[in-house]
4 protein chains.
Amino acid sequence: MARVGIGIIGGGYMGKLHAAAFRAVATVFETDLRPELVAVCASTPESAERYRARYGFQSATPDWRDVIANPSVDAVVVASPQETHAEITLAAIAAGKHVLCEKPLAVTVDECVAMTDAALAAGITHMTGFNYIKTPATQHALSLVKDGAIGDVTWFRGEHTEDFYADPDAAATWRTEGRANGTMGDLSPHMIQCALAFMGPIASVSAAIDTVHAERPDGAGGRRPVTNDDIAHMMCRFAGGQTGHLMFSRIATGRKMGYAYELFGTKGAIRFNQEDQNALWLYQSDGAAANRGFTKILAGPAHPDYWAFCQGPGHGTGYLDQIIIEVAHFLKAIAAGTFAWPDFRVGLAVQQVVDAAWTSSETGHWQTVAGHDATPSKASSA
Amino acid sequence: MARVGIGIIGGGYMGKLHAAAFRAVATVFETDLRPELVAVCASTPESAERYRARYGFQSATPDWRDVIANPSVDAVVVASPQETHAEITLAAIAAGKHVLCEKPLAVTVDECVAMTDAALAAGITHMTGFNYIKTPATQHALSLVKDGAIGDVTWFRGEHTEDFYADPDAAATWRTEGRANGTMGDLSPHMIQCALAFMGPIASVSAAIDTVHAERPDGAGGRRPVTNDDIAHMMCRFAGGQTGHLMFSRIATGRKMGYAYELFGTKGAIRFNQEDQNALWLYQSDGAAANRGFTKILAGPAHPDYWAFCQGPGHGTGYLDQIIIEVAHFLKAIAAGTFAWPDFRVGLAVQQVVDAAWTSSETGHWQTVAGHDATPSKASSA
Amino acid sequence: MARVGIGIIGGGYMGKLHAAAFRAVATVFETDLRPELVAVCASTPESAERYRARYGFQSATPDWRDVIANPSVDAVVVASPQETHAEITLAAIAAGKHVLCEKPLAVTVDECVAMTDAALAAGITHMTGFNYIKTPATQHALSLVKDGAIGDVTWFRGEHTEDFYADPDAAATWRTEGRANGTMGDLSPHMIQCALAFMGPIASVSAAIDTVHAERPDGAGGRRPVTNDDIAHMMCRFAGGQTGHLMFSRIATGRKMGYAYELFGTKGAIRFNQEDQNALWLYQSDGAAANRGFTKILAGPAHPDYWAFCQGPGHGTGYLDQIIIEVAHFLKAIAAGTFAWPDFRVGLAVQQVVDAAWTSSETGHWQTVAGHDATPSKASSA
Amino acid sequence: MARVGIGIIGGGYMGKLHAAAFRAVATVFETDLRPELVAVCASTPESAERYRARYGFQSATPDWRDVIANPSVDAVVVASPQETHAEITLAAIAAGKHVLCEKPLAVTVDECVAMTDAALAAGITHMTGFNYIKTPATQHALSLVKDGAIGDVTWFRGEHTEDFYADPDAAATWRTEGRANGTMGDLSPHMIQCALAFMGPIASVSAAIDTVHAERPDGAGGRRPVTNDDIAHMMCRFAGGQTGHLMFSRIATGRKMGYAYELFGTKGAIRFNQEDQNALWLYQSDGAAANRGFTKILAGPAHPDYWAFCQGPGHGTGYLDQIIIEVAHFLKAIAAGTFAWPDFRVGLAVQQVVDAAWTSSETGHWQTVAGHDATPSKASSA
């Protein structure tokens with residue numbers, strides 16, 4: 001079993017989870033490549049060393065260039081703040097490393113284009129960290145739709161809603177500053193990617209992006225303006241002619257992990273809610289009318305990537321598991337010399353939708369998404 | 001116990017249900033007024049007589065003018081096709097009858113204005129047949145929101161989705177012809193009324209209204225064009241500054257009675273789905289974080305108008321019961337000499353939103369709703 | 001349309017609901033017989049007159065013998081306290097009336113035998129008031145099981161749980177005195193009947209019947225002993241060899257209308273909970289493993305007795321509706337000159353199970369149910 | 001950070017999962033001890049070597065004695081067939097190793113007693129592999145009950161139901177032979193342990209244990225007798241005087257991971273179903289009656305052992321995670337020099353209940369559980 005050296009840049013939340021995932025993945029999936037945790041980078045020497053010791057890396061550094069320069073590192077996980085994604089990723093590609101870059105791929109569309117072009121030109125394995133698309137239930141849903149189980153899809157509704165800023169008295173932080181850290185910038189990408197995966201490209205959008213709580217306590221007795229958005233939603237027209245709606249919120253009281261979607265088709269329907277990630281609801285229009293309804297399918301060995309975790313259905317996977325699946329796909333792509341879906345092109349496409357939504361919200365008009373026809377096909381309006 | 005003579009115009013679906021409701025209401029609610037089923041009108045003498053015999057009316061006629069002219073009739077239910085609502089209702093008002101008019105109040109805003117003006121001028125009891133707002137669960141939800149149980153509401157999502165035209169091979173009928181019979185015309189009013197009840201006026205909308213299946217079998221081996229819409233949805237800005245989304249579909253495969261709404265507030269959240277009309281889901285942000293979540297409240301005697309049906313909670317009300325509650329409110333208003341909420345003004349307000357949605361869908365821009373500021377308050381956009 | 005004169009003995013809770021049901025039933029179901037509310041009997045002249053006026057009866061009396069002697073009364077509903085069921089019912093049968101007797105049929109098995117024998121000899125239409133078995137969902141479930149949709153049933157679990165005495169400080173009343181008013185006496189019959197309907201006869205039981213709160217406040221500052229049971233449960237062996245479990249409680253905190261059952265079969269499974277009476281959950285073992293699960297079937301026109309209430313699925317029936325269905329079945333049986341299922345024989349069979357459970361709880365042994373083999377078939381024990 | 005050498009005996013299902021858990025645990029929980037996967041034992045040299053390579057162990061052997069004799073091994077996981085648990089565990093204890101033994105602790109009560117006595121005498125850290133009790137939701141439920149959140153518990157219902165033998169045509173294997181591999185022997189221990197954790201000791205039981213499908217295809221065209229049980233259930237009286245019911249089945253069609261429990265108390269109720277392991281349903285009897293109901297609490301950082309996996313609530317843990325938590329508790333106990341709950345005493349107590357159930361099923365009487373009063377306290381029977 002060959003080794004693959006892993007470097008992780010960013011030792012916080014997503015860095016830790018990727019470290020844990022890389023430690024477990026070869027045992028869980030019995031992969032051809034066995035990852036070695038070679039190097040971790042964090043903002044200070046002290047924090048980097050702490051992460052090294054706790055997560056089980058061989059070396060630590062406060063300088064991401066050290067990770068990229070390390071000849072034992074074959075693949076890099078970019079889990080640093082989003083404004084650093086482009087520079088680090090471009091350097092890693094230049095050094096011939098494979099790259100798994102956290103979402104959003106970058107802050108601007110231009111950065112995303114540069115990263116995608118470089119990755120394609122270099123022929124490395126690249127992946128954007130859309131891990132929610134990797135649950136067994138959602139992978140199964142994608143297969144069902146692709147295989148026509150619900151006929152032609154006519155409607156997609158998606159949301160990513162959480163409530164970590166629902167309380168108007170929650171203090172302002174870096175999260176309430178800058179577009180990239182707002183709801184549209186930080187929360188929307190996972191679900192936009194989901195919509196693209198199920199429906200194909202989005203041709204145009206009409207969006208409304210709002211800051212509901214315009215200022216918040218600054219933690220020092222005063223008030224500080226909030227400079228990014230709390231709620232964003234958009235009507236979509238897909239390139240295939242269908243319609244849909246996407247909604248994002250960080251003030252959706254009661255919603256904890258509201259990555260949820262619903263599709264209606266000519267022969268069936270599907271719905272899913274990440275808060276119960278082991279259940280997929282499927283309706284099919286065949287059989288006796290008296291026995292039709294939504295079927296609650298529990299994730300099990302009949303679904304993609306479940307078997308490795310458990311031989312019995314209904315036992316369930318969790319958040320860490322979807323990251324283990326993600327890195328398993330990354331390792332498999334490295335071994336095969338291919339891209340790892342969702343690769344950088346997907347990360348770029350997502351960012352183009354984010355851009356169009358901002359424009360639409362500012363103009364009050366429908367906005368064509370970059371790369372799509374200025375007059376997208378629209379179903380006839382009575 | 002005084003009597004009140006009831007005439008019902010339209011013996012079909014809603015006519016029958018109102019007849020059954022009027023037969024039961026005085027026993028269920030022990031109302032001050034006891035309704036007598038005086039006259040029923042249907043399209044032919046034969047059908048009218050059949051309804052008379054089956055539903056227990058005293059007389060039958062194919063001419064709605066007979067019902068209005070009947071001195072024993074004190075109150076009229078207008079359950080005839082929507083294009084007849086205005087003429088019949090105006091005549092009934094002119095004859096001094098109280099009127100319960102089915103939704104939509106009329107086909108055009110102008111008709112609604114005329115009916116509302118006439119009803120207000122005459123001082124009769126008037127009501128629009130928005131019976132879904134009458135379930136004990138939804139009445140309780142309205143109280144909760146009014147009383148601040150979820151704080152300031154920041155978002156409303158509503159839908160009315162069914163699937164009776166989900167099959168592209170379902171034949172064209174009168175239902176697939178004419179705006180008034182389409183999704184926006186026929187299906188949207190209940191949920192628009194619901195949004196207004198919870199949130200107050202809608203100031204502007206950005207809508208998309210689509211015919212997905214442009215032609216259907218004509219039942220004679222050919223194809224016939226569909227001249228109204230299958231799906232409609234709109235982003236809303238409420239006069240209070242909040243945002244929301246409303247969606248309507250008759251091709252929402254798997255959805256049978258998808259009258260559903262969701263509100264997020266600064267201190268809590270509420271959601272409801274008519275398919276389980278006896279459950280209201282309430283989230284409140286107080287108490288220990290470890291014990292927070294959505295509470296499934298079963299309708300019971302602690303909620304409006306439930307006690308009359310059952311002394312025990314959780315036994316449940318059904319579709320007929322919400323109409324019994326509706327007519328109980330109508331009788332109570334007659335006895336009190338007041339309007340019966342939702343009165344004609346509400347029916348008019350709903351129609352104004354429908355109109356604005358059509359305009360927006362045609363222009364591709366946000367459209368101000370009649371009677372509202374051309375530049376509705378919009379939360380600051382980052 | 002012929003008339004049928006109805007007398008109701010007992011003007012309280014169930015009396016009112018039957019009155020409302022008889023008022024609505026001919027309109028809802030367009031029955032051949034149209035009921036007339038002829039006479040109501042309550043404990044005092046004043047209460048009887050109040051019920052007469054409120055519920056719409058023609059006459060009132062404090063003496064049930066008047067109702068039975070009234071030649072305009074064709075059918076009697078016995079909704080008086082259970083200890084009076086036998087005497088009243090036997091008198092009504094002797095007078096040639098049809099009888100719908102509330103559950104439990106009577107207090108003792110001997111009374112039930114006498115009533116059943118008399119009813120069968122007289123050839124009148126008789127029915128026991130097991131109205132929960134009449135919901136469209138449960139009627140459909142019975143059909144599914146009968147038609148083999150879940151194969152051979154191997155297990156039945158039923159419960160009827162409520163929480164009206166969950167609070168140990170709830171005061172003692174007549175409900176906490178006397179076996180007939182306890183959990184086994186008053187709450188268990190509906191679900192025992194349900195078990196019999198799905199599974200056939202129960203051959204033997206092992207039961208445990210307990211009073212958890214041995215005394216309660218007497219409402220006058222003191223304490224009063226509780227003389228009946230709070231919780232009862234039993235393991236069953238059905239005559240067909242299957243096993244099951246039945247559980248009853250009036251202290252099941254949080255359960256409001258916990259009439260719920262679950263069946264496992266060789267080819268599928270069914271579960272139902274009256275708290276969401278419009279949903280039936282069906283699992284079938286055919287089709288692709290990846291798409292199997294419990295299907296939530298919403299009650300609709302494809303199910304027994306739903307169409308009369310609503311032409312669209314998912315709109316829902318409620319508690320009153322199941323009583324309307326019950327009296328529709330009663331009227332139909334009168335018109336046809338047959339028994340109305342569940343007839344008195346079922347009421348008797350239920351009481352025999354109640355008796356056996358008491359004996360088992362007292363002896364600590366399995367107890368054969370009257371009429372069944374002393375050595376019921378038992379599946380082989382490894 | 002100190003190391004701890006791990007040896008795993010049994011390379012199959014549970015062996016793999018423990019290997020993966022030990023690989024990830026130090027990163028996830030940042031434990032004081034960092035496990036090293038020293039040795040794995042499987043039935044043949046070839047399979048052992050395969051597991052070594054795939055799971056990442058340092059050495060492999062077909063002889064469990066090698067693992068115990070290995071001085072680099074500090075702690076042993078016994079995941080071999082249950083009939084080998086006693087011998088291996090006793091040898092490991094004699095060698096001074098810490099032991100995590102899979103459930104059931106052993107085949108007989110006598111073996112369990114010997115293992116427990118030896119472990120206590122040696123002072124090693126011992127644990128029985130009841131990993132379902134380790135989900136954040138169930139750990140929180142235990143805290144709630146202990147802290148009185150639902151008052152005095154009056155009823156416990158538990159089940160462990162799956163459907164891997166629901167099909168009567170599923171072939172006979174080792175699983176259908178021998179008591180230890182049947183439903184009572186193999187499936188019941190997890191839920192019995194759960195009942196003991198919530199309620200304290202079970203004093204007596206009345207059980208029914210059945211083989212529903214007495215023979216099955218032998219895979220060679222013939223039929224083979226089934227020599228163990230398909231369904232088992234029992235009524236319980238707890239030492240504290242409460243009652244309850246436990247049910248186990250391997251033919252519960254549609255149930256995939258039916259580890260589920262329900263408790264009613266004087267002030268609230270709790271229910272849980274492992275098929276949605278991230279939701280705990282809590283009812284509390286305080287607050288306004290109009291707003292009471294079961295609250296669906298999503299597992300989150302406010303609950304035990306969740307934070308290590310994810311900083312956000314509602315993201316969910318899965319089956320592997322409950323094993324990671326289990327081994328984290330094991331490591332923590334080793335570091336602290338204590339027992340790891342549920343230790344061997346719990347494994348023994350579970351086996352005593354299993355034994356009593358068998359006796360009860362054979363005699364048809366209530367059976368006292370070893371170590372409890374022959375006349376357990378019984379609530380007064382009316």
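1. Two strands pair if DSSP finds at least two bridges between them; strands (E, at least two residues) and helices (H or I, at least four) are DSSP runs, numbered from the N terminus. By this rule, strand β1 (residues 2-9) of chain D is joined by four bridges to strand β4 (residues 75-78) of chain D, and the two run parallel. D:I6 stands opposite D:A75 in β4(D).

2. This is a predicted model, in which local features need pLDDT of at least 70, side-chain atom pairs count only at pLDDT 80 or more, and totals for chains, interfaces and linings use all residues. Residues are numbered from 1 along each chain as its sequence is written, chains are lettered from A and ligands numbered from 1 in the order in which they are written, and side-chain values use heavy atoms, with hydrogens and water left out.

3. In chain D, six strands form an open sheet with parallel pairing, in the order β3-β2-β1-β4-β5-β6. Strands β3 (59-61) and β6 (126-128) of chain D each have a single partner strand, so one side of each lacks a neighbour in the sheet.

4. Helix α8 (residues 319-336) of chain D lies across β1, β2 (33-41), β4, β5 (98-101) and β6 of chain D, contact meaning heavy atoms within 4.5 Å. Its direction is at about 160° to β5(D); angles run from 0 to 180 degrees between N-to-C directions, and axes are lines fitted to C-alpha atoms, for helices over the stretch in contact.

5. In chain A, helix α1 (residues 13-29) packs against helix α8 (residues 319-336) at an angle of about 70°, with their axes 8 Å apart. That makes α1(A) roughly perpendicular (65 to 115 degrees) to α8(A).

Notes:
Parallel < 35°, antiparallel > 145°, perpendicular 65-115°, else oblique.
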